[in-house]
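Please consider the structure shown below.

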Amino acid sequence: MNNSVKKILTVALSSLTIAGYCYADNSQLLATAPTGNISAGKKSMVVTNNPWSSQAANKILNQGGNATDAAIAAALVLSLTEPQSSGIGGGGYALSYYKGKTKAYDGREVAPASANPSWFLDENGKPLDFRTAWLSAKAAGVPGEIAMFYKMHQDSGKLSWKKLITPAIKLAKNGFPMSPILYKELNEEKDELAKDPAIKAVYFDKNGNIKAIGQTIKNPDFAKTLEQIAKDHNNFYKGDIAKNIVNSINQKAGTKLYTMKDLADYKALVKEPICNKYRDKYTICSVPPSTSGGVATQEILQLFANKYKESDVNNPAWVYTFLEASKLSYADRNQYLADPKFVKQPVDGLLDKEYLANRSQLIGESAMATPVIAGIPKGIDERYAPDVSPKPHGTTSLSIVDKDGNAVSMTVTVENVFGNHQFVNGFFLNNELTDFSFESVTTSGKPIANRVEAGKRPRSSIAPTIVFDENNKLHAVAGSPGGSFIICTVARNLILMLDLGQNPYQAAAYPNFCAINNNPIIESDNTTADSFAPYLQNKGEVIERKSIFSGEANILRMNDEWVGGADPRREGLAIGQ
Ligand code: DON
């Protein structure tokens, strides 16, 4: 974030009491990051990728709300203040720890009833180029956010549904300042966005330029939409909002892709989380498929723990072991993971101790040749071939712990920046269906598990995570955006905090790296990454350096306080009390 806006945001936030900053025990630790990116508190902690949503969540906690209430209020503000990344026109996943029980929520978008395996193929049967597919009406899945929030609120909310929506309504009416990242993303998509007068009315000035950083953005249509949802969440799925979504998609497509039934039929799912022991000490809980994020993150962690027992963050051998583990985990993910309603999921097989012990034997002294092939765990669906679609930022993550020790990790998304760029009632529709494989079969005719099918959820990489210590006490909360890199980002942050002694900010700021079933990609322009790159090359790794996006939201119990760390690559704010 540039200094002038950091100043605007700091001034705007100066009325907040960030009580955690006073605790002597963690005072040195708090100096490890720029103001706002780290905080400590004995009672509660909020970390999101945007100051307005962190502020809203903290306010809800101060009004007597719990972690669920705060997470919902924060995410609704994000729909307004970070519309490039998430919103009520999209979906997401959450993991909740409430009164001692952990539950996973799947609010993933669903393909409409008209969808079929050739959804993203052109008239010659060839996959569409990504941008064409991304900006098409066909990219939009039935949004899941509101249904997921409502379900979470019914299960564990404390304040009224209406109260959670109020901060976003007020901010939409009164306005908030343009942030540097929103400004940059709007400019990158300016020509496309300028085609819609409703988008121009919110984000452009009178001269046809994107509003300047710090200039006020108001979104009255979004305020009206939220008022409808505050009266009854079903207004989103059955009323005028639903009608506008259906009409907008069908108009853009020039054909009837969507019906009102597609929206009315949407259901957010509640599932048992995947929980496994890590290093015989921690219990790590994740969200099960339709996201591949939980299983794949846990597979990396277990493979890593089998091969690496030290705790020195400066020993580059840990980076090497991590990258090799990621090659193996991504190969399995690509082969097997998809919506369990359509494809049998070998979750237990992939995380079975013996399977992982055998698979970790493949991590040797020199780099594994790529591409790496999947293992054969128990419980697979033999009909399917691995995903072959390469995937190219439109996601955000938040982590919250309340004063009663309840927690939420939530990652919400519109997939790519501003979703498919369709703006309905003041919010953007997602392009989540481009997370399906565009090809439906391999060249040898074998179907791909993650192909498009009616009513199916596209495979995600999202990985909200909650960690408990050896006494089953809440220990850490983590999650990140970043597309298929999410799996590596979350696994790496957990290793940095649990094994390598890094605080939540240091972990979030650490260089990004991942080997997505191929050679490693390492974040560019990063001196720490420059320092371990030669070691990896000596091991035979063929490295590509490029910028890798993330937005990790970490919370860790340290010295009996909650310490929150926000990823410096985003505009995050940690608030402890
Ligand atoms: O669900 C997924 O895995 C992707 N649609 C997430 C996209 C994402 O994280 C973009 N990032 N910054």
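Leaving aside neighbours within four places in sequence, Pro346 is in contact (heavy atoms within 4.5 Å) with Tyr336, Pro377, Lys378, Gly379 and Ile380. Pro346 lies in the loop between H16 and helix H17 (347-350); helices (H or I, at least four residues) and strands (E, at least two) are DSSP runs, numbered from the N terminus. At 2% relative accessibility, Pro346 counts as buried, where buried means under 20% relative accessible area, exposed over 50% and partly exposed in between, with a 1.4 Å probe and protein chains only. Between the C-alpha atoms of Pro346 and Leu78 there are 35 Å in space, and the two are 268 residues apart in sequence.

The model is a predicted one, in which local features need pLDDT of at least 70 and side-chain atom pairs count only at pLDDT 80 or more, while totals for chains, interfaces and linings use all residues. Residues are numbered from 1 along each chain as its sequence is written, and side-chain values use heavy atoms, with hydrogens and water left out.

Another loop, between helix H4 (67-81) and strand S3 (91-98), holds Glu82. Glu82 is buried, with a relative accessible area of 2%. Not counting residues up to four places away in sequence, Glu82 touches Asn49, Asn50, Thr396 and Arg570. With Arg570 there is a side-chain polar contact of 2.9 Å; such a contact is a pair of N or O atoms within 3.5 Å, and within protein one must be able to donate a hydrogen and the other to accept it, with residues adjacent in sequence counting only if both atoms are side-chain atoms.

The interior may be considered next. In soluble globular proteins, nonpolar side chains tend to be buried together. A nonpolar core is a set of buried Ala, Val, Leu, Ile, Met, Phe, Trp, Tyr and Cys residues joined through side-chain atoms within 4.5 Å. The largest one here has 90 residues, and Tyr278, Trp318, Phe322, Leu474 and Phe513 have the most contacts inside it. Helix H16 (residues 317-336) supplies the largest share of this core, 11 residues. A second, separate core of 89 residues includes Ala115, Ile165, Ile245 and Phe418.

Aromatic rings also pair with one another. Rings of Phe, Tyr and Trp (its six-membered ring) pair if their centres lie within 6.5 Å; planes under 30 degrees apart count as stacked, over 60 as edge-to-face and the rest as tilted. By this rule there are 20 aromatic pairs. Phe130 and Phe438 have ring centres 6.5 Å apart and planes at 10°, so the pair is stacked; both residues are buried. For Trp318 and Tyr510, the centres are 5.7 Å apart and the planes at 45°, so this pair is tilted. Trp318 is buried at a relative accessible area of 0%. Phe304, Tyr308, Trp318, Phe322, Tyr510, Phe513 and Phe532 form one aromatic cluster. The charged end of Arg492 sits over the ring of Phe513, 5.1 Å from its centre, by the rule that NZ of Lys or CZ of Arg is within 6 Å of the ring centre and within 35 degrees of the ring normal.
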